[in-house]
Amino acid sequence: IMKALSLLERVRIQYSEIGSSLLSSFGSKVIVKPTGTASSNIINGRVLAYEIKNDLRSKLELVQKETSAKIHNRPRLAYLLMGNNRDSHSYVKMKKRACDFVGIEHVGEVLPENASQKTVEDVVKKFYEDPKVNGILVQLPLPRHIDPNSVIDLIGPEKDVDGLNPLNVANLVCKGREPEFIPCTPKGCAYIVKKYLGETIPGKRAVVIGDSNVVGLPMSFLLQNMQATVTLCNDKTRNLHKLVKEADVLVVAIGDPQFIKGKWIKPGALVLDVGINFIPDPSMKSGRRVIGDVEFAEAKKRAGYITPVPGGIGPMTIAMLMENTYESWKKANFDQVQIVTSQFAAYQKELEKVLIL
């Protein structure tokens, strides 16, 4: 510890103003990092998400301190939640908790289940026209009488931190173009793919099961952009087990508990289970437990790396929402933020020598 503090002091002198701000930041808050899993091939999404959120928090604290005279507002996420669906309320609660950790402000509207299309759209318009709001989250699914596409279309690409605006999706599809934001779940999956496969991705066989606009379709485009050979499937695809057995990268998001059998997994494959399914379990306080779309107990014996449910892709989705919201705020304050964050990157390289956050 003394050796680490000594090196930090030397770095602080070298990067005096930046160093003092960060050292003060580290000294004022002690956050316990989530622990890893026992098995080396199980990807702990909570740990990865913590690292991302902690990095964002450090950047935000530094920017606020170094540019306090120029930037008076923090990033702000506005959310719309409808009805009494307990899962939706739980997801929003987790996202608000992540905002509090990172330092992102959050405001929201909770509407009754029977609210009209006009009422919903008016709320979204209000958020979009508010200059203090950097990102807008419409918690899906919406009630059946609400047209989600009409609601999402009201969110301009620059505040579409969920990455669902048609312009953002189109720019993701087109080579040579960059969307303002990538949908959070596919972005989290792509982060894991890059982290665990790195430069070996080009040419690998990737299979994506589930063709939704939120996960499957954008995930297939992201993998194509990484130069993987991609097959997009659904639960009606013929001979699905044969395709799974050939997959070096398997992404499953169909909402069918343990639909993908462990014996189908190619030995050494990277398996990303996006499924969230609730099944009865009297031993749980809630009377139910959550499982994924992959038969985890058997799949982990064959996979090179695999994400569990819960604790895998879910935390990464929220971390990417935080990152998108921060990036939106950063773009709105580009001149001031860019200078400080570039200095932060240089300082962070020195910190990595002695700190494991």
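Biologist: Let's start with a pair of helices: how do α3 and α4 lie to each other, roughly parallel or oblique?
Modeller: In this predicted model, α3 and α4 are oblique to each other, because their packing angle is about 45° and angles under 35 degrees are the ones that count as roughly parallel. The axes of α3 and α4 are 8 Å apart.

Biologist: Which residues make that contact?
Modeller: On the α3 side they are Y50, K53, N54, L56, R57 and L60, and on the α4 side they are A98, F101 and V102. Sorted by class, the contact of α3 with α4 has six nonpolar residues, one polar residue and two charged residues.

Biologist: And what is the angle between α3 and α12?
Modeller: Helix α3, which covers residues 45-66, packs against helix α12, residues 313-332, at about 20°, and their axes are 8 Å apart. That angle makes α3 roughly parallel to α12, and α3 passes α12 in a left-handed crossing.

Biologist: Which residues of α12 does α3 meet there?
Modeller: The α12 residues are P315, M316, A319, M320, M322, E323, Y326 and W329, and among the α3 residues that meet them are L48, A49, I52, L56, L60 and V63. By class, this contact of α3 with α12 has 13 nonpolar, two polar and four charged residues.

Biologist: Let me step back for a moment: how many helices and strands are in the protein chain?
Modeller: The protein chain has 13 helices and ten strands. It has 357 residues, of which 47% are buried. If you take the contacts with a separation of 6 or more, 68% of them are between residues 24 or more positions apart.

Biologist: On to sheets, then: in what order do β1, β2 and β3 come?
Modeller: These three strands form an open sheet in the order β2-β1-β3, with parallel pairing. Strands β2 (105-111) and β3 (135-138) stand at the edges with a single partner strand each, so one side of each has no neighbour in the sheet. From one strand to the next, the twist averages 15°.

Biologist: How many bridges are there between β1 and β2?
Modeller: Strand β1, residues 76-82, pairs with β2 in the parallel sense over seven bridges, and within that pairing L81 stands opposite V110 of β2.

Biologist: Which helix lies across β1, β2 and β3?
Modeller: That is α4, residues 86-102, which runs at about 170° to β1, and α4 is also the helix that packs against α3 at about 45°.

Biologist: There is a sheet of five strands too, so what is its order?
Modeller: The order is β5-β4-β6-β7-β10, again an open sheet with parallel pairing. Here β5 (229-233) and β10 (305-306) are the edge strands, each with a single partner strand, so one side of each is left without a neighbour in the sheet.

Biologist: How many bridges join the strands, say β4 to β5 and β6 to β7?
Modeller: Strand β4, residues 205-209, is joined to β5 by five bridges, and I209 has C233 of β5 as its bridge partner. Four bridges join β6 to β7, where V249 stands opposite L270, while two bridges join β7 to β10, where V271 stands opposite I306.

Biologist: Which way do the residues of β7 point?
Modeller: L270 and L272 point one way from β7, V271 and D273 point the other way, and all of them are buried.

Biologist: And which helices lie across this sheet?
Modeller: Helix α8, residues 184-197, lies across β6, β7 and β10 at about 160° to β7, whereas helix α9, residues 216-225, lies across β4, β5 and β6 at about 170° to β5.

Biologist: Staying with α9, is S220 buried or exposed?
Modeller: S220, which is found in helix α9, counts as buried because its relative accessibility is 3%, and under 20% is the cut-off for that word. Leaving aside neighbours within four places in sequence, S220 is in contact with V208, V230 and L232.

Biologist: Last one: where does V215 lie, and what does it touch?
Modeller: V215 lies in the loop between β4 and α9 and is buried, with a relative accessible area of 8%. Not counting residues up to four places away in sequence, V215 touches T185, P186, A253 and V274. The C-alpha atoms of V215 and C184 are separated by 8.6 Å, although these residues are 31 residues apart along the chain.

Note on methods. Residues numbered from 1 in each chain as written. Predicted model: local features only at pLDDT ≥ 70, side-chain atom pairs only at ≥ 80, totals over all residues. Heavy atoms only, no water. Axes fitted to C-alpha atoms, helices over the stretch in contact; angles between N-to-C directions. Parallel < 35°, antiparallel > 145°, perpendicular 65-115°, else oblique. Left-handed = near helix turned anticlockwise from the far one by under 90°. Contact = heavy atoms within 4.5 Å. Nonpolar A, V, L, I, M, F, W, Y, C, P; charged D, E, K, R; others polar. Pairing = 2+ DSSP bridges. Buried < 20%, exposed > 50% of the residue type's maximum accessible area, 1.4 Å probe, protein only.
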